[in-house]
Every structure is written in structure tokens, then in C-alpha cells.
Amino acid sequence: MQKIKGVIFDLDGNLANNLPLCIRAFREAVSPLIQRPLTDEEIIATFGPSEEGTIMALAPDHYEQGVSDYLHFYKAHHGICPRPFAGIRELLKILQERGIHIGMVTGKGKHSTMVSLEQFNLLPFFEVIETGAAHGPRKPEGIASVLRQWADISREEVIYVGDAPSDIEACRKVGVAVIAAAWAETAEPDRLKELEPDEFFYTVEDFAGWIEGQI
């Protein structure tokens, strides 16, 4: 692997343990609209598109209300995920101080992404942010867009940090090295390892130690 000059992060499960927050907000927003409780599995099965896509899948007859209520509950309950994972802020500071490009490609919608980055006070670290779309997953397109904006470096000098099998698949499509992040309680290490990411880490500390030797 060449020296790293750009790092693209996913958000959920990478910067913070906010998947439980997402699930709670979806449940509180959608269950009253469809008049039945939703299981975690039902909600997670819709992930890939942005929140708008999830609402369209779960409550298509109540789309606008569902999106509005989701964003309300997502912000209202963000206290259950008040800060990023330990070590993330310090890692971002090191990358920034070393002149490394820092970007984000997430499946989240724009509004909830901004809510979380502002809650964590991490927004100033990111030069470019690509968010999700209601019609379906667009991480390959998002990563490709970041690469175009980082015209001063090559794709061989960029890594993507993600916690889902779909992240590994997206990186393979665009030819970017992928780091599997398995430090969230929601990660599935065995599934990640099956897809043979370029590197694999169980802790932010181990990842930070590795990347400092690569920049």
C-alpha cells in the first residue's frame, strides 16, 4: 500500500455508536404511523438508502410525516449517543495536522449527518461530505465523487473506513483500499473478514497506531 494521503470515513458505527439511535428514532417515528410495533430486524433490513428510503419502505403512505418525525426523534434522542468513539477526535486531529485529506461518504441523509457531526463537534475536520439517497445505496458514486474532488492525489493513496460488508463491496467497485472497522458493538467481524478487506481492526486505538505509520 502506498503512503496514505486521503481517508474517507463512514459515519454510523465508525465515528460513533449511533446505530441504536437510528433504530430508536425509526421506531418512534414509524410505528405510530403504521399502527404496529417495528422490530430491529425490520428496520435494519431497509438500510442502504438514506433515511428517506427507509421511511418509503416502511411507511410509504406517510412519507413526509415519517421523514419529519424521524429527524425530530433523531435529534431529540441524540443524548443516547453524545460523543464519538474514544480516540476518534484525536485521530482526526492527527490526520488534519499531517495534511491528510479527510472526507466522509455515508448512507445517511444530509440532515441527520449534519445533526450528528454538529453534536460530536467533528464537522470542521471534513473537507467533503457525500450523503445517501432515497432511491438506494450510492456509496460507490459517493467515493468516486470524493476522488474527483481530491485531484491532487491518486486513488491508490486513499483508504475508506467502513463497518459493513456493503462498504467493502463498494470500495472494490471503485478500486479504493478498504479498512474494516469492527469496533462498534453492531459490527459483524466474521462477515467482514469473509470479504477480505485490505486491513481489519477491532479498536480505534489499533487503527490509529497503524495509520500513523502509513501517512
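## Basis

In this predicted model, local features need pLDDT of at least 70 and side-chain atom pairs count only at pLDDT 80 or more, while totals for chains, interfaces and linings use all residues. Residues are numbered from 1 along each chain as its sequence is written, and side-chain values use heavy atoms, with hydrogens and water left out.

## Positive phi

Most residues other than glycine have a negative phi. Glutamine 35 is not a glycine, yet has a positive phi of about 60°. Glutamine 35 sits in the loop between helix 1 (19–34) and helix 2 (40–44); helices (H or I, at least four residues) and strands (E, at least two) are DSSP runs, numbered from the N terminus. Glutamine 35 is exposed, at 73% relative accessible area (exposed is over 50%, with a 1.4 Å probe and protein chains only).

Glutamate 196 also has a positive phi, near 55°. The residue lies in the loop between helix 9 (189–194) and strand 6 (199–201), and is exposed with a relative accessible area of 60%.

## Largest pocket

The largest pocket holds about 860 Å³, a volume being the space filled by probe spheres set on grid points joined across faces, edges and corners. A pocket is an open set of points on a 1 Å grid over the protein atoms alone, where a 1.4 Å probe fits, with protein on both sides within 12 Å along at least five of seven lines; lining residues have an atom within 4 Å of a point. Of the 33 lining residues, Phe47, Gly48, Lys139, Ala164 and Ser166 are the closest to the centre.

Helix 1, helix 3 (51–58), helix 7 (139–149) and helix 8 (165–174) each give two or more residues to the lining. Helix 8 gives the most, with 6 residues.

Conventions: Buried means under 20% relative accessible area, exposed over 50%, partly exposed in between (1.4 Å probe, protein chains only).
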